[in-house]
Amino acid sequence: MGDAARVVALRSRVLRRLSGLGGMVSIAAGRNRTEDLLAPWADRVGVAAANGPDSTVVSGDADALDELLVACEGLGVRARRVPVDYASHSAHVDLIREELAELLAPIAPVPSRVPFFSTVTGDWIDTAELNADYWFANLRQPVQFEGATRALLAQGYDVFIESSAHPVLATGITETVDAGDVPGAAIGSLRRDEGGMDRFLTSVAEAFVHGVDVDWTSMLPGGRRVDLPTYAFQRKHYWLEPVSSPRHTDGTDITPNVVDSLFWEAVESENLEELARTLLPDANGTAGQVRSSLETVLPALASWRRQRREDSVVDSWRYQVAWRPLRPATTGAAVLSGTWLLVVPAAHREHPWVVAAGEVLGGGGAEVGVVVLDAARPERQSWAGQLGTVAGQINGVLSFLALDEAPSADHPGVPAGLGATLTLLQALGDADVEALLWCATQGAVSVNSIDPGPHPLQAQVWGLGRVAGLEMPQRWGGLIDLPETPDARAAGRLRAAVTDSGDEDQLALRPSGVFVRRLVRAPLDGRTTAKQWSPTGTALVTGGTGGLGAHVARWLAAQGAEHVVLTSRRGPDAAGSNELSAELEELGARVTIAACDMADRDSVSALLDRLRDEGSPVRTVVHAAGVPGRFVGLADAQLSDLAETLGAKATGAQTLDELLGQDDDVDAFVLFSSNAGIWGGSGQGAYAAANAHLDALADRRRARGLAATSVAWGMWDGDGLANEQGMGEALSLRGLRAMDPALAITALHQALDRDETTLSVTDMDWERFVSLFTVARPSPLLAELPQVQQLLKAPEEAAEESVSRSALDRRLAGLPVAERHRVLMELVQAQAATVLGHAKPDEVEPERGFLESGFGSLTAVELRNRLNEATGLRLPASTVYDHPNPAALARHLHAQLQQGEDGDEVDALEGLQRIEAAVLAAPTDGGVRDRVAKRLRYLLRTLDGGAESQTDGGLDRTTLESASDDEMFALIDKELGLD
């Protein structure tokens, strides 16, 4: 506490030396827009704090700030001076560096019990590092508050509590939350003129309804708990959820009007005459001055428009995996019954987690049986027999087989745990064990930056398990990643996870709680980067003569790679290799095409050594080699399938990682992964395991301080793996759209510019994909995608809006314009009065400004939230600032509300869509598909035949009554198309 007081007091005292030299200004704009505004004063004013997408503070010379305020007023940008006469977070602070260092030198920072996230470094930091140098940097460098908020949201922190006399940062947090796809809330503790216990308890209640655990007994020692109402709940909640703004399927904003459309169509087509007519109809495109001006600007404008559209498309393809805390936290209090099987590898029968699991499941009331198996030598038939002899009703199976990372005896390239897990899935089915199977791993995933890098061999089981959830939904429980050591709380969480986790099937247990896996959008939204990556020296592309490798090779050569090395199993004998080599040489690169089996460590080592000896050490790696192998269901898969697919893809990547060490100075290590590893895919168990390995390897390299970027691709147009294997049409039917290779390369380049570690890039028809992906079981993995939320919540939203908005619609229907405005004015006044605590709505004057009436940042957002609920609209957080008084806001509401009629869906078409989903989800081989096809042909004949089918060849009652059993069965087969 003494050191903290020293930092606060002495740093504030030293700041007085800067008084009168500068100042600070708050601007209602994002950082990029603000930096554009500062261009004329770039050497005198800079960004001091980036608080949110529409909230930035700048600091610098006082006279330059005066000029900036005038400029902002002229441009219509809200800006106000911060009431200080010094310029924190600017070059002015350099004047006090030595004095501050001397005053703060005695402090002795120590590690804290509460994790500390720094807005200086933009990451978690050990508080033992908060020395004098840190506190100078804290005062000198820009505050990365928006970046810190985004990072914490991405790591699962969704409630932000500002502990202060009055919240000043909550608005920036709210803006950041609203601009993203992750829900969250910002809550203050006290407010200006509301510093008592009533305000504090209200804030605690706000935190509680947002999921924060509150110890009410200490807060209200004289209080008591009361029962909830006894009537049935209506499954309707009253708190708001963020909803993304409407966008086209390609990710671009909806065009506001037809004139804009005509303008941009003319620009994109570079049609000078049409553009002139659109801008100046009276000129008819003939005025020389107009034409000359347009000829100068049109090419640049067209190029800018095309680039923006391409960036928007690529943005709509970008996704990432995130981890969210599971709330309420699992406690392990579930009561169990029946028998639970622990399936344990022989080499790990005394593993601490095996012991802990047996104790916690047994302590919950279950009979615990332990089945010990030789994971390195899986035997499907004998394992099925062994499982079939277990006495009693089996209620659950928990497998620890993944813990065995030793090589399989017959297939050394397959980890024993992975091969044994596949065999266990098959053996349980053969033994008719219907209980849910949960697979435990340790260190397979990393849920945040504090977690160590994941173990790729453990991650393989997660890839396989995601496919098991699709192919064996009735027998699949899920995946659980365990912390390093079990304690009582962690063991309790394990028990709760396997018995009471709802639909969640991908969970990670950590000392801080239980985390669940989510896929979220990751658009760049126009954000730029200071780094522009480009290849230097030698670039190695594995699978370089294939379709994807060739696209990558052309890009690397065009970007300036001096030497491009392409490998494949056939090397120079691969089809098209000579033409590709010539093409790359024309782009200025030296080209080497080498035969190299990436599954053969000696072959890879020899190639790398040869390149070093030639003076061409590898600086860039793009590992695009790999084959999907057989598309076969897990029930029929063999260990040889795992070995084939893992060989080139996972083993090859691992070999490159091990042979290109810290001394090789590799500045880009790119792994071509697949979304099969992100969400699975029927028939792709081995492929999913291999790609999950790549994603984990990238995370692990990054944790070691090495370059790594793994991109999980969707379907490329042209010569990608999907089309090479004849799967393009099947993937399209499942909702994957083919991506333009040039734009896919753009996405890759963006990822390298931003030094991203893992990324999913895919163009999806989410409506089709979700209808198939969730046909057998729900998928919480997709729950946070805005498109999926709209699909899954459409019926609920329609019913919910009908309660609030329909009442408003009924009031507005048939009223004259003036009367509708009066109704909306009363609505705004009533809601504003409630927020401000006024007794009557008319105390809010229609023409008096909101800010003048007492609205601040938090109350402005609260009014926005109330109006959203009352109208069914989705108003932005800046609504009160954009429409500065109740009358203006009422006019805006009137313009936004639209009357519409709902159409009824045709039941038959809905049923047909469900049939289509079930058919496409069925296995692609075997008798099931043939029988389905015959039934569909029969249905089509029936529809085509119409009334004729009732007379020509129809069945009469006499025929049916006189038919024998054999004749009846033959008749049914014929009529159903099964003969």
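Helices and strands here are DSSP runs, numbered from the N terminus. That numbering places Ser88 in the loop between β4 (79-82) and α4 (97-104). The model is predicted.

- Ser88 has a relative accessible area of 7%. Buried means under 20%, so Ser88 counts as buried.
- Beyond its neighbours within four places in sequence, Ser88 is in contact with Leu15, Met24, Ala48, Ser59, Val93 and Leu139.

**An open sheet**
- Three strands line up in the order β23-β24-β26 and form an open sheet. Their pairing is mixed.
- Strands of a sheet pair through backbone hydrogen bonds, either parallel or antiparallel.
- β23 (715-716) and β26 (763-764) stand at the edges. Each has a single partner strand, so one side of each lacks a neighbour in the sheet.
- β23 and β24 (residues 736-739) run parallel and are joined by two bridges.
- Met715 stands opposite Ala738 in β24.

**Two packed helices**
- Helix α18 (residues 547-558) packs against helix α26 (residues 741-753). The angle is about 60°, and the axes are 11 Å apart.
- The two helices, α18 and α26, are therefore oblique to each other.
- The crossing of α18 past α26 is right-handed.
- From α18, His551, Val552 and Trp555 take part in the contact. They meet Pro741, Ile745, Leu748, His749 and Leu752 in α26.
- The residues of this contact comprise six nonpolar, two polar and no charged.

Definitions and conventions: Residues are numbered from 1 along each chain as its sequence is written. This is a predicted model: local features need pLDDT of at least 70, side-chain atom pairs count only at pLDDT 80 or more; totals for chains, interfaces and linings use all residues. Side-chain values use heavy atoms; hydrogens and water are left out. Two strands pair if DSSP finds at least two bridges between them. Helices (H or I, at least four residues) and strands (E, at least two) are DSSP runs, numbered from the N terminus. Axes are lines fitted to C-alpha atoms, for helices over the stretch in contact, and angles run from 0 to 180 degrees between N-to-C directions. Angles under 35 degrees count as roughly parallel, over 145 as roughly antiparallel, 65 to 115 as roughly perpendicular and the rest as oblique. A crossing is left-handed if the near helix is turned anticlockwise from the far one by less than a right angle, and right-handed if clockwise. Contact means heavy atoms within 4.5 Å. Ala, Val, Leu, Ile, Met, Phe, Trp, Tyr, Cys and Pro count as nonpolar, Asp, Glu, Lys and Arg as charged, and the others, Gly among them, as polar. Buried means under 20% relative accessible area, exposed over 50%, partly exposed in between (1.4 Å probe, protein chains only).
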